[in-house]
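Thanks for taking a look at this one with me. Please have the model open beside you while you read.

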Amino acid sequence: MNEQSAALATAPDSIVAGKAAGVRARYLKDSIARWIVWIGGLGVIGALLLIFVYLLSEVLPLFQSADVEARQQFQLPGPAAQTVYVASEEQGEIGLRLTAAGDLVFFDLYDGAVLSARRLPHSEAGIADAATLSAEGGEVAVQFGDGRVSVFSHTYELSYPNDQRVITPVIGYPYGDEPLPFMEQAGRSLVVRAERGALVIAAADRNGDVVLKRYEMQESLFGDATLEEGALLRFTPPVRADILLLEPLLSWLYVIDREAGRIAFYRLGEAEPELVDVYEVGSPVRDARYLSGGISIVVAQADGVISQWFPARDGDGGHYLARVRGFETGTGAPITALGVEQRRRVFAAGDENGNVALFHATADRRILREKLLDEPVEFLSFNPRAQYLMAIGADGQLRGYDVHNEHPEVSLKALWGRVWYESYDKPRFLWQSSAATSDFEPKFSLTPLSFGTLKAAFYAMLFAVPLAILGAIFTANFMAPQMRQAVKPTVELMEALPTVILGFLAGLWLAPFVEANLPGVFLTLILLPLSIPLAGFAWSRTPRAIRLRVPEGWEAAMLMPVIVAVVWFCFALAKPLETLLFGGNMQAWMDRTLGIGYDQRNALVVGIAMGIAVIPTIYSIAEDAIFSVPKQLSLGSLALGATPWQTLVRVVLPTASPGIFSAVMIGMGRAVGETMIVLMATGNTPVMDPSLFQGLRTLSANIAVEMPESEVGSTHFRLLFMAGLVLFLFTFLFNTLAETVRQRLRQKYATI
Amino acid sequence: MHSPTPNPAAADLTVRDTGGVRSYVKSGQPYVWTTAAAIAVSVIITVALLVLTAVRGMAHFWPADLLQATYAPPGEAPAPLLVEVRSAEEVTGARLQTAGLPIEDPEALYTRALVKVGNRDLYGADFRYVVEEWIGDRSWPEDATVWERVEWGNLHGFLLSASIDGRTIAGPQAWTAYREAQRRANELREQIDAIERDEIGAINYRMERLRLEERRLELDGLTRAQDTAAFAALDARRAALDGEYAELNAERTRLYEALNRDSIAVRTIDARELTVPLAKLVAGWQPNDMNLLQKIGFWFGKVWEFVSDEPREANTEGGIFPAIFGTVLMVIIMSIFVTPFGILAALYLREYAKQGPVTRAIRIAVNNLAGVPSIVFGMFGLGFFVYFVGGSIDRLFFPEAAPAPVFGTPGILWASLTLALLTLPVVIVATEEGLARIPRSIREASLALGATKAETLWRVVLPMASPAMMTGLILAIARAAGETAPLMLVGVVKLAPNLPIDGNFPFLHFERKFMHLGFHIYDVGFQSPNVEAARPLVYATSFLLVVVIVVLNVAAITIRNRLREHYKALED
């Protein structure tokens, strides 16, 4: 459509002027049509652009930095006694404070107003120490001044009178309100754990001994627990017992010496605790806490470093306490308070100067640091949803902050680097995104998935590229036109085969077949390429009379029976060969002699299946590029006396090579994004093993598997979108590059 | 590079064409043969895949003979077998030994056969592997019978007697009597199905709507105490429905009683005697007694059942009608979206937009979207259509259904829209190609005669481009019919309780989830508890899908080729 005709068609008013109404209506229709096409066309293009924008909008929040927003500041409400414990409820609206005198004060976190206050029963002797027993159940254990221990729970009831949400704090005594006998006088560093029908209380007494007492829980039919006093253990640790940490599953006990900066690491069993070893922290210790999940501990050091430790196994299978990583507040000031989130591996550290820093343990990352207080930080406490952080200074001022920290798990290292996860013996690349409980540490390494994607694509290309390009060369250059007319639609049909069918055949037919006939597969790979030139040679030996009957360009058709025969021969020979060479079981032989493991659904199967899916793509584009090489070039070469093969290699292929290159690129793009085949033909195990006989998991299959179960807006959800965006950009880039190359080539051909 | 002497390779080729190996290699012929082999292998693979699916899929419906034999692995007591032989393969003794079989000679080759033993309720599995060398006393008794059951797969055995309406019939008449009674039972079952699914289903649907209406009234601030009339009307309608339900329920109970009247006594091969009510049976046949014609008739019957029946037993038995229905409906809805918009975009790009670098960039971008992984479109569909658009619709129009989502959950509308986006590039590219092929002279002639641009497009260009659009649409449909990955995210389910179209207002339920052939293949093949039993069914489903897609593609290719010739004629 050239400019002139367009100008004529969209006639200016001058043409219409003075014309009959019918003519005007026609031109009106014309301009309406123009508008519809403009709006429709641009709308469609906009919709396609929207895909990219939308994916990006889901991914970007991952990289938003966290921030805290001051909510209020007030003097801690309630009696002026020393504070021993603070907490806030799920919604971050009500705070709880426990004083050394035994006052239990609930207060509004917006204005500091006291909602209710009471005294804990039997707290006449004052409260020496308090410790969280169960964060989810709101259970807190306290040790009274007389050495006895009691457990109370603070839970919150929601009600909606007049459609207004009202939160009512409730105090309960899950183990009865009668204190449990434990020590004769108050000790230090109380820990209480409830696990497998037992309540275990531990603390350090004045002599520096560690006392462990066990209560057996008897649950009655009505669900109340009664406690029976059990064994009492007492031992003297090699370090001063300033801080005790007891693993929730009761396997490990840490005794920490503040001044000396040493950790004594005990294994608990049925009998006496067994000292595994004593570890040097490197500087004096200020505080130590369990992270959520109950596996890692974080130790705050006087030099402004927080170190993370957990039990790991050494080469012999023995346990040791590993210092996994260190976090720096960056201020160098001594740390005075630690606060841990309940559901994620996030913790906060406050220092002497009032700075508070947030860290994520697995991501090995400082999320933010801000000066929240003017005086040393004494308490840091998150509410269970971790949207609210309570910071209490040494002067008793409470400052509340709304925390916006949606995706602390993401860091460059967490996504791409080796990470030392809890319960593993060394840093690894792992993808394990979901679990039933928040105790599980999500493992978000994209490395194994990207590796799997590239591995699958690599083996697929290894299979497809030679077949497709050689096939394209023959079709474009040597094949008889009649045969070409039959072959090209066949290959197009191959392209149209739904990948779900290829995947199904690969997973349920090819995989077992290859497993049962592995020697046959290899024999075919060796014998088939060898037999072809031989067949050609044999053909050139046949008498001229027979040869001349077959017109040129039908070699491919003649080879079909040969290929079928060779393949049949290879598989017929496979079983006897397997018995002869590999003792009847090639996989077992490989495992025994070469140490190569075999998965039924492996890269070999994926390579073949996905190769079949990409062959037509590469073939069509490459064939097009070779076929459109101007005929005068090859004819000239042939006229100069070159053989057809010489013409092809020296003239045609160099000219068409950009087109072939773009064919490979587009094929690669398809292999990278293919979902159903890898979903069905690989075991979907995110392992990083380049072996041909091992499974893999690709980014696309991972999306298909995990997307439906992923919680909207969670880090996992956004990471899946990021994987999608990466796939989108990758294929888009590859295709654009290939398309540009092709267009250039077309112009070049046009000028020859 | 060029030497003055003649090309030696070519000389060998032309002068003595029966030269030695050297001249054969020099001539480049081995390489040519290798390239020929590459394309031959590709074609063989395509054909082999089609043949494999066709044979495996279609063989499933053939009534296989029942082999009666004794199976005696070394060192074990012989056990009787009554089985269909499914497949057999050669296996090395060593592999069988690894599998724990008492192989005497690991060097030897054995034949391992997969046989269907049936009677899953008795033996725990439908299928087992047997070593053919250990099978003896083969016979094919004419009265060996296969019963297809509603549950637990097939039953293999011998008919002892039929108990019909209180009378026990044994001997040769038993079979005829059983067939007659089975026909009656199947009719009754169909009636029950119709009542349960259609009529009671409709009542449940209306009840649910009443509940939502009531909830809506409450949300609007009305209370039972104040607005007696509104609520009383609802209560009256509910009472009417309850009455209808009671009637239907009585009818259903009566039919169930009639259905449970008859039973048969069956002896299995291991001499267990079972009494099976006909209500539990679907059909029975004696394959060894059937002649070829009967078998062919049986085969067609089974194929028809396959395409027209509902699935049973976690999709591993019965038909795939809902999946076919879902696929077709989704493709139709998708076509309604993709055709106009694809054509508009192509018209814009080719006829209205100024041809320049921007248009070229857009064209490349649109082209490349066809290469973007389909799963990415699925994510977009889930995030944007389902959660964002659907969630907004729910908040605005369906507050009474909360917290249950209506449109804010995957469904057929969202699946169709997602696939429309996915196939948009296909339609755009094909239409554009068609538009580009129309010679300029034709357009200019129309304009010269005084037609406006819109008239030229509408009367001249579009009719000429219509086969190209058709090609684009067919290719889009073929792609959509086979696409599975994105659908897994936006609305396809393993088993949909209702079709997206039914007799309840508004008849077409856009928000419902649906079944799809491609997903059916994935689900039954890979998520099914009984893979061996399901596998032939998956082959059959695959074959059906392949046939549909091959037909669509052949149509598209034919139209395109005709078109090309047509324009060549025009240009000359």
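1. A word before we start: what you see is a predicted model. Please read each point below with that in mind.

2. Chain A brings 99 residues to the contact, and chain B brings 96. On the chain B side, helix α3 (residues 29-59) of chain B gives the largest share, with 21 residues. Sorted by class, the side of chain B that touches chain A holds 61 nonpolar, 25 polar and 10 charged residues.

3. How many residues does the largest nonpolar core have? It has 244, and the residues with the most contacts inside this core are A:A460, A:V606, A:A609, A:I618, A:A622 and A:I677.

4. Now find A:F513, which sits in helix α7 (residues 499-516) of chain A. Why is A:F513 classed as partly exposed? A residue needs 20 or more other C-beta atoms within 10 Å to be buried and 12 or fewer to be exposed; A:F513 has 17 C-beta neighbours inside 10 Å, so A:F513 counts as partly exposed. While you are there, look across to A:Q600: this residue is 87 residues apart from A:F513 along the chain, yet their C-alpha atoms are separated by 9.5 Å.

5. Two helices of chain A deserve a look together. Helix α16 (residues 699-706) of chain A and helix α17 (residues 715-751) of chain A have axes that come within 10 Å and cross at roughly 145°. The crossing of α16(A) and α17(A) is left-handed. From α16(A), the residues A:L699, A:S700, A:N702, A:I703 and A:E706 take part, meeting A:L720, A:A723, A:G724, A:V726 and A:L727 of α17(A). By class, this contact has 6 nonpolar, 3 polar and 1 charged residues.

6. Finally, a pair of strands. Strand β16 (residues 262-267) of chain A and strand β17 (residues 274-280) of chain A run antiparallel and are joined by 6 bridges. Which residue of β17(A) is the bridge partner of A:I263? That partner is A:Y279. Together β16(A) and β17(A) make a hairpin, with 6 residues between the two strands.

Definitions and conventions. Residues are numbered from 1 along each chain as its sequence is written. Chains are lettered from A and ligands numbered from 1 in the order in which they are written. This is a predicted model: local features need pLDDT of at least 70, side-chain atom pairs count only at pLDDT 80 or more; totals for chains, interfaces and linings use all residues. Two residues are in contact if their C-beta atoms, placed from the backbone, lie within 7 Å. Helices (H or I, at least four residues) and strands (E, at least two) are DSSP runs, numbered from the N terminus. Ala, Val, Leu, Ile, Met, Phe, Trp, Tyr, Cys and Pro count as nonpolar, Asp, Glu, Lys and Arg as charged, and the others, Gly among them, as polar. A nonpolar core is a set of buried Ala, Val, Leu, Ile, Met, Phe, Trp, Tyr and Cys residues joined through C-beta atoms within 7 Å. Axes are lines fitted to C-alpha atoms, for helices over the stretch in contact, and angles run from 0 to 180 degrees between N-to-C directions. A crossing is left-handed if the near helix is turned anticlockwise from the far one by less than a right angle, and right-handed if clockwise. Two strands pair if DSSP finds at least two bridges between them.
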